[in-house]
Amino acid sequence: MTLTCLGAARTVTGSKHLLETNGHRILVDCGLFQGLKELRERNWQALPVRAESIETVVLTHAHLDHCGYLPRLVAQGFNGRIFCTPATQNLAKIVLADAAKLQEEDAERANRKRYTKHSPALPLYTAAEAERAMTHLQPVGYNRPMPIAPGVTVEFINAGHLLGSSYARIVIESSGQVLLFGGDLGRFGRPVLPDPTMVERADVLLVESTYGDRAHSPDDNGARLASIITRTAARGGKIIMPAFALGRVEELLYWIHDLEARGQIPTLPVYVDSPMAAAVLAEYRARAAELDPTVNDQAPDGWRQKDRQTCAFCTARLQVLSSIPESREVQESSSSSIVISSSGMATGGRVLHHLERALPDARNTVLFCGYQAEGTRGRQLKDGAKFTRLHGRDIPVAAEVQSMDAMSAHADANEIRRWLDGFTRPPKLTCLVHGDLGPMDALKARIERELHWTVKTPNHLETFELPT
Ligand SMILES: [Zn+2]
């Protein structure tokens, strides 16, 4: 039995782990490489095995760096089933349709402006290819072992990292061996998502190490968000929040509702203006039972369960905008409100129109709520740019610009350690994946020092024998 890391080995994107056992090939996760060009180019390189020789794919969650390569895999001849939880199935449909659209638009723009050395520039995959890949998805509920190949079962265990997220527990029936593929690990004691499920045993463990050398800043119970909203409202301004459409919008709505209920902020109109975020929000509401119990407590006492679910993530004056005219009306209005819109790094999407109107006015605040990668407009604004180029014009920045980096869906080093403490005996082998070299090496050293486990940090495309 061997494992080959086809991605997320000593880097944080492109998760793909190929398990080969008794002549069967199972791929756990099928993610896109993102970020630096040198990584993104890997999305165009051929896999070291033929796609049609892979029997089954197991998907831990719907983030693009875990599912975004699926359309390409199917286009290359993969013809098996893709097992995942029902929420992951629905979110993956939203995410992949959006990814295909962006890739088609990028290719079209490159051809129109002729800034490509490929002629013509092609999208990595088309919307039609994304749709075709989705027909392979096979939903399986949490905690239900399911045969995926002769003598091999998978069971999904809630990882608390995103709606539908899981660890894949793969059992080899002939030997009784348990392999636990941790996709990404969630956090303890946070609203919206449940704590990561504790696990007692695995023979082989794969665990992420994104924040393997860091501790997240302590939770301030919404105090900073409250002060930003209150002072902006006091000067009659708007708060524009560029937010990642998948998961982050729900966390923001949770906090705004909570601060309203505690009387810490004025009750303002809150607009969610992103078609993708609206679709994701509907999925979170429909599956509130899979979330942290605090989500269901948002409804007033005595409400029926069904009303409670539609009320989850409701602020007092929430409006989910769908049409462009509705969005335009909010852009043009100068009354105080909170606008949550994508993309999270202000690289595209409807948030650009809100920024174009809001940035020149000193009464307004732009609040970034997630990581801002190098080279993005979000990063420039966060770093204090005086102008930003939007829709062909230089827009002066007079608005207050703030950022909150504390919201992360990934466990930090202490939380990973807390989760590992649940094991009643050491795995025979622990592999650290999904981390850059520094955090990965720091976590490896910590696990070896504190727990005395055998830890490996596999290389990209390295194949290694798994202990029996
Ligand atoms: Zn993730």
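Tutor: Start with contact, which means heavy atoms within 4.5 Å. Gly14 touches Leu6, Gly7, Ala8, Gly31, Leu32, Phe33 and Asp65, leaving out residues up to four places away in sequence. The model is predicted: local features need pLDDT of at least 70, side-chain atom pairs count only at pLDDT 80 or more, and totals for chains, interfaces and linings use all residues. Residues are numbered from 1 along each chain as its sequence is written, and side-chain values use heavy atoms, with hydrogens and water left out.

Student: Where is Gly14 found?

Tutor: Helices (H or I, at least four residues) and strands (E, at least two) are DSSP runs, numbered from the N terminus. Gly14 is in the loop between strand 1 (2-7) and strand 2 (16-21). The protein has 15 helices and 22 strands.

Student: Is Gly14 buried or exposed?

Tutor: Buried means under 20% relative accessible area, exposed over 50%, and partly exposed in between (1.4 Å probe, protein chains only). Gly14 has 0% relative accessibility, so Gly14 counts as buried. Of the 468 residues of the protein, 57% count as buried.

Student: Which residues does Gln177 contact, and where does Gln177 lie?

Tutor: Gln177 lies in strand 10 (residues 177-182). With neighbours within four places in sequence set aside, Gln177 is in contact with Met1, Ile170, Val171, Ile172, Asp203, Pro467 and Thr468. Why does Gln177 count as buried? Because its relative accessibility is 5%.

Student: What does His161 touch?

Tutor: His161 is placed in the loop between strand 8 (152-158) and strand 9. Not counting residues up to four places away in sequence, His161 touches His61, His63, Asp184, Leu185, Gly186, Leu193, Ala409 and His410. At 2% relative accessibility, His161 is buried too. The C-alpha atoms of His161 and Pro150 are separated by 30 Å, with the two residues eleven apart along the chain.

Student: How many aromatic pairs are there?

Tutor: Rings of Phe, Tyr and Trp (its six-membered ring) pair if their centres lie within 6.5 Å; planes under 30 degrees apart count as stacked, over 60 as edge-to-face and the rest as tilted. The count by this rule is five aromatic pairs. One of them is the tilted pair of Tyr167 and Trp419, at 5.0 Å centre to centre with 50 degrees between the planes. This pair links distant parts of the chain, 252 residues apart: Tyr167 is in strand 9 (residues 166-172) and Trp419 in helix 14 (residues 413-420). Tyr167 is buried at a relative accessible area of 1%, and Trp419 is buried at 0%.

Student: What kind of pair do Phe423 and Trp453 form?

Tutor: Phe423 and Trp453 form an edge-to-face pair, 5.7 Å centre to centre with 75 degrees between the planes. Phe423 lies in the loop between helix 14 and strand 20 (429-433), and Trp453 in the loop between helix 15 (437-451) and strand 21 (455-456), so the pair ties together parts 30 residues apart in sequence. Phe423 is buried at 8% relative accessibility, and Trp453 is buried at 7%. Ring pairs join Tyr167, Trp419, Phe423 and Trp453 into a cluster.

Student: Which charged ends sit over rings?

Tutor: A charge sits over a ring if NZ of Lys or CZ of Arg is within 6 Å of the ring centre and within 35 degrees of the ring normal. The charged end of Lys16 is over the ring of Tyr69, 4.7 Å from its centre. The charged end of Lys456 is over the ring of Phe464, 4.8 Å from its centre.

Student: How many residues does the largest nonpolar core have?

Tutor: A nonpolar core is a set of buried Ala, Val, Leu, Ile, Met, Phe, Trp, Tyr and Cys residues joined through side-chain atoms within 4.5 Å. The largest has 76 residues, and Leu73, Met241 and Ile340 have the most contacts inside it. Helix 4 (residues 86-113) supplies the largest share of this core, eight residues. Another core, of 28 residues, lies apart from it, and includes Ile26, Ile170, Leu179 and Val204.
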